[in-house]
Amino acid sequence: MTDHIASVADDAFAADLLRGHTDTIVLGVLRAGDRYGFEIYKTIRDATGGRYEIKEATLYATYRRLLKDGLAEAYWGDESQGARRKYYRLTDAGRAVYSRNVAAWVATRQIIDSLLDLPGRNTDTKGSSR
């Protein structure tokens, strides 16, 4: 797995912004149901059309943090074939943190949008103002 953003890809600002929300992104994936580690990775990659992937080390650090903080629970699956998989499940605390983080994101986005669209300001797509 690689950490990469394709179109805005080489933009370190966008990468840092996404990386700062990894816990919330994983909690969001778990809202749809229990998932195993690689399945979470694939869900995130597929949801972005392959434009964003999270490194394996980052994801497993996130899983450990979510478990330690009580935001997710883990259990071993009972697959009859192949390797055993560790599944993750969202807890009520995780659901509450997800909702709070999404609300904070929406409020922050609204503030940033307001500041980037100030009346009388003439900007080009490269972000410079005239």
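Me: Where is tryptophan 76 found, and why does tryptophan 76 count as partly exposed?

Reply: Tryptophan 76 is found in strand β4; a strand is a DSSP run of E with at least two residues, a helix is a run of H or I with at least four, and both are numbered from the N terminus. This is a predicted model, in which local features need pLDDT of at least 70, side-chain atom pairs count only at pLDDT 80 or more, and totals for chains, interfaces and linings use all residues. Residues are numbered from 1 along each chain as its sequence is written, and side-chain values use heavy atoms, with hydrogens and water left out. Buried means under 20% relative accessible area, exposed over 50%, and partly exposed in between (1.4 Å probe, protein chains only). The value for tryptophan 76 is 48%, so this residue counts as partly exposed. The C-alpha atoms of tryptophan 76 and tyrosine 87 are 6.0 Å apart in space, although eleven residues separate the two in sequence.

Me: What makes alanine 32 count as exposed, and where is its place in the chain?

Reply: Alanine 32 has its place in the loop between α2 and β2. Its relative accessibility of 62% is over the limit for exposed, so alanine 32 belongs to that class. From alanine 32 to arginine 89 there are 57 residues in sequence, while their C-alpha atoms are 9.7 Å apart. For the whole protein chain of 130 residues, 25% are buried.

Me: How many helices and strands does the protein chain have, and which strands form the open sheet?

Reply: The protein chain has five helices and five strands. Read from the N terminus, the elements follow the order β-α-α-β-α-β-α-β-β-α. Three of the strands form an open sheet, in the order β2-β5-β4, with antiparallel pairing. Here two strands pair if DSSP finds at least two bridges between them; β2 and β5 have two bridges, in the antiparallel sense.

Me: Why are β2 and β4 called the edge strands?

Reply: Each of the strands β2 and β4 (72–76) pairs on one side only. As for facing residues, arginine 35 stands opposite tyrosine 88 in β5.

Me: What does the salt bridge between aspartate 34 and arginine 89 tie together?

Reply: In this salt bridge the closest N and O atoms are 3.4 Å apart. Aspartate 34 lies in the loop between α2 and β2 (35–36) and arginine 89 in strand β5, so parts 55 residues apart in sequence are tied together. Aspartate 34, at 31%, is partly exposed, and arginine 89, at 33%, is partly exposed too.

Me: Why does aspartate 46 count as exposed, and how many salt bridges are found in the whole structure?

Reply: The search finds six salt bridges. One of them joins the side chains of aspartate 46 and arginine 45, at 3.2 Å from N to O. Aspartate 46 has 51% relative accessibility, which is over 50%, and therefore counts as exposed, whereas arginine 45, at 24%, is partly exposed.

Me: Which residues have the most contacts inside the largest nonpolar core?

Reply: A nonpolar core is a set of buried Ala, Val, Leu, Ile, Met, Phe, Trp, Tyr and Cys residues joined through side-chain atoms within 4.5 Å. The largest such core has 18 residues, and those with the most contacts inside it are Val26, Leu27, Leu30, Ile40, Ile44 and Leu59. At least two residues of this core come from each of α2 (22–30), α3 (37–47), α4 (56–68), β5 (86–90) and α5. The largest share, four residues, is that of α2.

Terms used:
A salt bridge is a side-chain nitrogen of Lys or Arg within 4 Å of a carboxyl oxygen of Asp or Glu.
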